[in-house]
Amino acid sequence: MTESQDVYLRLKAAFGDPTSRAARWRQKKSRARGDDEASVPYGVGRDPKGLGDVMSNLSSELGWTSSLAKSDLLLAWAEIAGPETAEHSTPIGITDAVLTVQCDSTAWATQLRHMRVLIMTTIAQRFPEAGIESIRFEAPHAPSWKRGSRSIPGRGPRDTYG
């Protein structure tokens, strides 16, 4: 089951179908008649909650904390890796608990591979909900000799540079 299906099912359970809404409406109506002692004006627990508290409760209730932590991680890459390193590397995405980072050159990819433990420690401390288990640093992709108007089938230009 994909993550989007999980989110849909959680939303459906939280907000429900019309029949469950009617049942909740009946419960609220019975509480308003005085069946519930806590439902008095100016009673305990009647103070409005802050928007941050409401969103935090909603995101944890719907199971969005992992997805939000992953997006926060991608946005905070400059703080995690450092400003100079972030200029030469870009996080592409997170798949199966593996963070993929595209680097400007093979030298930067090698340098970041040496810094892997430091970066993983920082991620584990700041974003434990993201569930990152590994980082993959990719060098720029080599040009393809298989496409274009003048390409021919076969081995290609392997012997032309020697």
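I looked up Ser89 and found this residue buried, with a relative accessible area of 3%; buried means under 20% relative accessible area, exposed over 50%, partly exposed in between (1.4 Å probe, protein chains only). I note that this is a predicted model, in which local features need pLDDT of at least 70, side-chain atom pairs count only at pLDDT 80 or more, and totals for chains, interfaces and linings use all residues. Residues are numbered from 1 along each chain as its sequence is written, and side-chain values use heavy atoms, with hydrogens and water left out.

I placed Ser89 in strand E1 (residues 89–95); helices (H or I, at least four residues) and strands (E, at least two) are DSSP runs, numbered from the N terminus. Its side chain makes a polar contact with the side chain of Trp77 at 3.0 Å and reaches the backbone oxygen of Thr85 at 2.8 Å. Beyond neighbours within four places in sequence, I listed Trp77, Val101, Gln102, Cys103 and Leu112 in contact with Ser89 (heavy atoms within 4.5 Å).

I then followed E1 to E2: the two pair in the antiparallel sense over six bridges (pairing requires at least two DSSP bridges). Thr90 has Gln102 in E2 as its bridge partner. Two residues separate the strands of this hairpin, and Asp96 in the turn has a positive phi of about 50 degrees.

I turned to helix H8 (residues 116–126), where Ile119, Met120, Thr122 and Ile123 are buried. Down the axis of H8, these residues fall within an arc of 160 degrees, so they line one face of the helix; the arc is that of the directions from the helix axis to the C-beta atoms. Val117, Leu118, Ala124 and Gln125 are exposed on the face turned away from the buried side.

Technical notes: A polar contact is a pair of N or O atoms within 3.5 Å; within protein, one must be able to donate a hydrogen and the other to accept it, and residues adjacent in sequence count only if both atoms are side-chain atoms.
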